[in-house]
Amino acid sequence: MRRTALVVLAMLSMLSLLLPSGQAAQKLRVVTTIPDLKSLAEAVGGDLVEVDSLTRGTQNFHEAEVRPSMMLKLRRADALIENGADLDAWADVAVTGSNNGNIIRGAPGRIDISRGIQLLEVPSTRVDRSMGDVHPMGNPHFSLDPGLAPQITQNIVDGLSRLAPDNRAAFEKNREAFLQKLEREMDRWVKLLEPVRGAKVVVFHPDFIYFLTRFGLVQVGMLEDRPGIPPSPQHLVQIIRQMKAEQVKVILVEPWNDLKLAERVAAEAGGARAIVMATSVGAVKGADNYIAAIEYNITTLAQALK
Amino acid sequence: MRALTLVLVLSLVALSPAAAAAQATTTDDAAALRKEIEQLQKQLESVTDRLKRLEAQPPAPSPGIAPPPSAGAPPATAQQPAPQPGISVMDIARPRQPFGLYQQRGAGQLLFDMGVVGDFVGNLTQKNVEKAGGGSFPGLENRFFPREIELSLFGQIDPYASGVVRFEAGQEERTGEITVKLAEAYLTLLTLPFGTQARLGQMRNRFGWSNEIHEHDLPWVDRPNVMRNFFGQEGLQEQGMEATFVPDLPFYVEALGGIFNGDNETAFGAGTLRVPLITGRVRTFLELGTDHALELGMSVASGQTSDHLPSTILGWEGRYKYRPDGWLHPLITVTGEALYSIRKFNVEGDPTGTGVTETEQRQKNSWGFYVGGEVQPWRRVAGGFRYDWSQFLQGPGLEQAIQPYISFWPSEFLRFRLAYKHTARTTQTIDAFNLNGGSARTVDEILFQASFILGAHPAHPF
């Protein structure tokens, strides 16, 4: 009998080791699918949250590999902040593998920041995969449009406040401080790009439509044949012709795209340049946070379009 | 003439007050009109102001209604009023993209996801192998056939559970007849306490790495020999329940336990919960920097055969991937599994030579393994090999095979694969592969695979 009691006691002690400690429970443990949202969640959550991201800025978020290390991060998470609009649908597989009921779809800890965002490039006809990797809900690459930061951060505030209602005031205050800072930067960014307003650009993959629209730049073509489909020689010839005709000076490239190909096309088009953009926080050197990533894109573009 | 003049004069006299009155009326109207214009101007100014205010606001939180960011429009900031839910007149009047309603009403609301996978295989081999039925797809040698046409339905059942149903159709015999069957149907309870999850129904067991993976998703044309020799052509697929536990530790560990009927005739076959098939698995994952990742695991499946004799299979698995930072695919992948079987079986014989047949129980321990390596220097092309070494659960002898292959993906949803497989079996195994006057001691096969995906297909974990 005594032996049984000892075994039960030992098992209970082991179980208690596996449960989260009270000290760690003071801060909300937040995990984001992409680094842009990590930066924004840190700005909103301040000292009240611990934030980690499932992916790095140098990764293509469409094709993130679901690793058990993601599940480990999610195992202890109070909240999962996702981009939504089909960009990070793989998060469901990671969540299921984490065995954490707090962040499954529909749970209070699941925060979708696409709520209230008017998506661009929403298909107006029947969609199928002959069109490439087209997003039926619209283009999901909106997180680095500074004009949408108020809505995104509002969604984060609402989501975090569901889990910690007492901290809503603090989250709101942090959000306002962040947005004031962003607004100051925004005035400067608008002035920087004002001289090149209306300039035409070509993109490798349609990742920049929100950003370009926000600052009055025009996307006239794309190197990929169709989204996600590698460019064919005929398509490249056509793009080169178009770039020459429309005097396009810049091709915007994601860090994982074939930069050499883009540079070759740019050279063929007569003195254009291919520039690597910060598609996300951490995508390029210096783009360490949300504002820095936008700053990088603005200054790089302003210089290239001169 | 005089009379006419008189009429005209009288008419003019009669009209003059009316003209004067009309003049007065016009003056009044003009004043009223001026007032109205002033009023309209004020209204226009008010509407313009409101429009400016609304444009400066962040979009309202109702998808499909909020406007796209207008070029150059100043972004919303924290100093501006918070977005109001609902639809204003201005929202309706504002130009929208043509398919704005899609987000609100279309896109399969409340529907589950659906996907269809087509997997066709062709193989060419020697005539004697075809006769003996000793190829990688027994009975289907020198044929091109639909191996697996899969219809998958999956989605959330309610806030607490998700469900998966998969039907499969495929050709299993030379007659060309297509067999349709329920491949999987299970629900997963997602919100159990203490980091546990339970799966109930019919499923591919999570035994080792490759068993859970469907044919079309394997990195090779066929299942590894050891998996087919130990679990049959389709692997371990059972009815019952599994529970997983992921403890809250600084490193990743997943523990799994399961109870099943034990219907798999190759390895078990008791088919009753009175003596159930018990399964277990522990796996961990190590991330060695950002580029290297290693998964290790160990599995066990223990049950009884149809003769009610014990049968236990142990498994070890390892998978390594090297994916340089920023790459869309791994450059190097190495996968390996080893299985060890401990099994008792009845042997009938006449040990005393007296003509009396006796049944004797014997134990046979067998093992096998495979190891595969793949290099993917380009996004659309990968090449690799697999080496198989396997004994048989009951019969004597062993077989070895080497299989180089090349895969080509025109897109994420279409794949072609070409492989050559050379299998060599030891002399003891000939008895099992010399049916119908053929022989399959040495087998050379050219394998071709074409797979496509229609609709939804969930992401696969590491």
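This is a predicted model: local features need pLDDT of at least 70, side-chain atom pairs count only at pLDDT 80 or more; totals for chains, interfaces and linings use all residues.
Chain A has ten helices and eight strands, while chain B has five helices and 16 strands. The domain assignment divides chain A into domain 1 (22-120 + 130-184) and domain 2 (188-305).

- Chain A is made of 306 residues, of which 50% count as buried.
- Chain B is made of 462 residues, of which 31% count as buried.
- Taken along the principal axes, the box filled by the C-alpha atoms of chain A is roughly 90 × 40 × 35 Å.
- In chain A, 61% of the contacts between residues at least 6 apart in sequence join residues at least 24 apart.
- In chain B, contacts with a separation of 6 or more are made to 57% by residues 24 or more positions apart.

**The two domains of chain A**

- The centres of domain 1 of chain A and domain 2 of chain A, taken over C-alpha atoms, are separated by 26 Å.
- Domain 1 of chain A gives 24 residues to the contact, and domain 2 of chain A gives 23 residues.
- On the side of domain 1 of chain A, helix α2 (residues 35-45) of chain A supplies the largest share, with five residues.
- By class, that side of domain 1 of chain A holds twelve nonpolar, eight polar and four charged residues.

**Helix α2 of chain A**

- α2(A) is mostly covered, with ten of its eleven residues buried.
- The buried residues are Pro35(A), Asp36(A), Leu37(A), Lys38(A), Ser39(A), Leu40(A), Ala41(A), Ala43(A), Val44(A) and Gly45(A).
- Among these buried residues are the charged side chains of Asp36(A) and Lys38(A).
- The strands that the buried residues of α2(A) pack against are β1 (28-32), β2 (49-53) and β3 (79-82) of chain A.
- The helices that the buried residues of α2(A) pack against are α5, α6 and α10 of chain A.

**Packing of α5 with α6 in chain A**

- Helix α5 (residues 149-163) of chain A packs with α6(A) at an angle of about 165 degrees, and their axes are 10 Å apart.
- An angle over 145 degrees counts as roughly antiparallel, and α5(A) and α6(A) are therefore roughly antiparallel to each other.
- The crossing in which α5(A) passes α6(A) is right-handed.
- From α5(A), the contact takes Ala149(A), Pro150(A), Thr153(A), Val157(A), Leu160(A) and Ser161(A).
- From α6(A), the contact takes Arg168(A), Phe171(A), Glu172(A), Arg175(A), Phe178(A), Leu179(A) and Leu182(A).
- The residues of this contact of α5(A) with α6(A) divide into eight nonpolar, two polar and three charged.

**Packing of α6 with α10 in chain A**

- Helix α6 (residues 168-193) of chain A packs with helix α10 (residues 290-305) of chain A at an angle of about 10 degrees, and their axes are 10 Å apart.
- An angle under 35 degrees counts as roughly parallel, and α6(A) and α10(A) are therefore roughly parallel to each other.
- Leu182(A), Glu185(A), Trp189(A), Leu192(A) and Leu193(A) of α6(A) meet Ile291(A), Ile298(A), Leu301(A) and Ala302(A) of α10(A).
- The residues of this contact of α6(A) with α10(A) divide into eight nonpolar, no polar and one charged.
- Leu182(A) is listed in the contact of α6(A) with α10(A) and also in the contact of α5(A) with α6(A).

**Single residues**

- Most residues other than glycine have a negative phi.
- Gln247(A) has a positive phi near 55 degrees and lies in the loop between α8 (233-246) and β7 (250-253) of chain A.
- Gln247(A) counts as exposed because it has 12 C-beta neighbours inside 10 Å.
- Phe194(B) also has a positive phi near 55 degrees and lies in the loop between β4 (178-189) and β5 (196-204) of chain B.
- Phe194(B) counts as exposed because it has 12 C-beta neighbours inside 10 Å.
- Glu268(A) is in helix α9 (residues 259-268) of chain A and is partly exposed, with 15 other C-beta atoms within 10 Å.
- Glu268(A) and Lys244(A) are 24 residues apart in sequence, and their C-alpha atoms are 8.8 Å apart in space.

Definitions and conventions:
Residues are numbered from 1 along each chain as its sequence is written. Chains are lettered from A and ligands numbered from 1 in the order in which they are written. Axes are lines fitted to C-alpha atoms, for helices over the stretch in contact, and angles run from 0 to 180 degrees between N-to-C directions. Helices (H or I, at least four residues) and strands (E, at least two) are DSSP runs, numbered from the N terminus. Angles under 35 degrees count as roughly parallel, over 145 as roughly antiparallel, 65 to 115 as roughly perpendicular and the rest as oblique. Two residues are in contact if their C-beta atoms, placed from the backbone, lie within 7 Å. A crossing is left-handed if the near helix is turned anticlockwise from the far one by less than a right angle, and right-handed if clockwise. Domain bounds come from an automatic or database domain assignment. A residue is buried if 20 or more other C-beta atoms lie within 10 Å of its own, exposed if 12 or fewer, and partly exposed in between; C-beta atoms are placed from the backbone.
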